[in-house]
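Please keep the sequence and the 3D view at hand while reading.

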Amino acid sequence: MAKAMNLVSEDEQYLSKHNLLTYIEDGIAQLVRYKEEHPQVNPNQFLSDYFTNVHKGNHVLHREYAFIRETPYNRSSFIRHFDRCFHHLTEKKEMYSAKEYHSLLTLICSDFPLIIVEDAMRIFLDIGTSDLSMVFSDFLIAFRFRLFYDGNTYEIVA
């Protein structure tokens with residue numbers, strides 16, 4: 001009996017550590033919404049595709065900010081996509097404002113909060129919001145740091 005209790009505890013710890021329940025719940029919710037418009041959908045194939053996208057990190061594209069912020073993996077995936085989409089800005093060495101970076105972020109996440117961008121830039125530059133501008137490579141460093149430690153989350157994301 002004690003061994004069974006220990007296994008349940010280990011299983012729960014594993015699910016919690018990897019935020020698997022978050023993805024299972026989201027996958028089911030996505031399936032239910034999709035099935036309303038596409039009743040012929042194959043649930044097994046849909047969930048297989050969903051978890052493939054999670055594995056590849058594509059599950060955060062065009063999702064709400066609350067979802068992006070929910071897990072370290074979501075935040076890491078979002079940063080990777082942002083970097084890939086706009087990496088060409090690194091070569092230009094031009095200064096961009098917080099509002100310009102925010103505009104880029106809202107192309108990937110429509111409700112991305114401007115305050116996160118401003119906070120990232122303030123941490124890095126240590127100046128008021130009216131003077132905020134920096135090159136993309138510096139912004140990416142500051143943004144990674146700010147997004148990884150968003151709110152009450154203090155986990156390190158690799």
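## Aromatic pairs

Y50 is buried, because its relative accessibility is 8% and the cut-off for buried is under 20%. F51 has a relative accessibility of 34% and therefore counts as partly exposed. This is a predicted model, and it holds 14 aromatic pairs. Y50 and F51 make up an edge-to-face pair, with 5.0 Å between the ring centres and 90° between the planes.

F139 is buried at 0% relative accessibility, and F143 is buried with a relative accessible area of 0%.

## Aromatic cluster and a charge over a ring

Ten names belong together here: Y65, F78, F82, F86, Y96, Y101, F112, F136, F139 and F143 form one aromatic cluster.

R63 lies over the face of F67, at 3.9 Å from the ring centre.

## The nonpolar core

In soluble globular proteins, nonpolar side chains tend to be buried together. In this model, the largest nonpolar core has 31 residues. The residues with the most contacts inside this core are F78, F82, Y101, F112, F139 and F143. At least two core residues come from each of α3 (43–56), α4 (65–70), α5 (72–86), α7 (98–108), α8 (114–125) and α9. Helix α9 gives the largest share, 6 residues.

Which residues does F143 contact, leaving aside its neighbours within four places in sequence? The contacts of F143 are F78, I79, F82, L105, F112, I116 and A120.

## A buried serine

S77 is part of helix α5. Is S77 buried or exposed? S77 is buried, because its relative accessible area is 0%. Not counting residues up to four places away in sequence, S77 touches G57, H59 and V60.

## Cysteines

A disulfide is a covalent bond between the sulfur atoms of two cysteines. The structure holds 0 disulfides. C85 has a relative accessibility of 40%, so this cysteine counts as partly exposed. C109, at 0% relative accessibility, counts as buried.

## Overall make-up

How many helices and strands does the protein have? There are 9 helices and 2 strands. Along the sequence, these elements follow the pattern α-α-α-α-α-α-β-α-α-β-α.

The protein has 158 residues, of which 37% count as buried. The accessible surface comes to about 9800 Å², and 55% of this surface belongs to carbon and sulfur atoms. Among contacts with a separation of 6 or more, 53% are between residues 24 or more positions apart.

Conventions. Residues numbered from 1 in each chain as written. Predicted model: local features only at pLDDT ≥ 70, side-chain atom pairs only at ≥ 80, totals over all residues. Heavy atoms only, no water. Phe/Tyr/Trp six-rings, centres within 6.5 Å; stacked < 30°, edge-to-face > 60°. Buried < 20%, exposed > 50% of the residue type's maximum accessible area, 1.4 Å probe, protein only. Lys NZ or Arg CZ within 6 Å of the ring centre and 35° of its normal. Core = buried A, V, L, I, M, F, W, Y, C linked by side-chain atoms within 4.5 Å. Helix = DSSP H or I, 4+ residues; strand = E, 2+ residues; numbered from the N terminus. Contact = heavy atoms within 4.5 Å. Disulfide = S-S within 2.5 Å. Areas by Shrake-Rupley, 256 points an atom, 1.4 Å probe, with all protein chains shown as cover.
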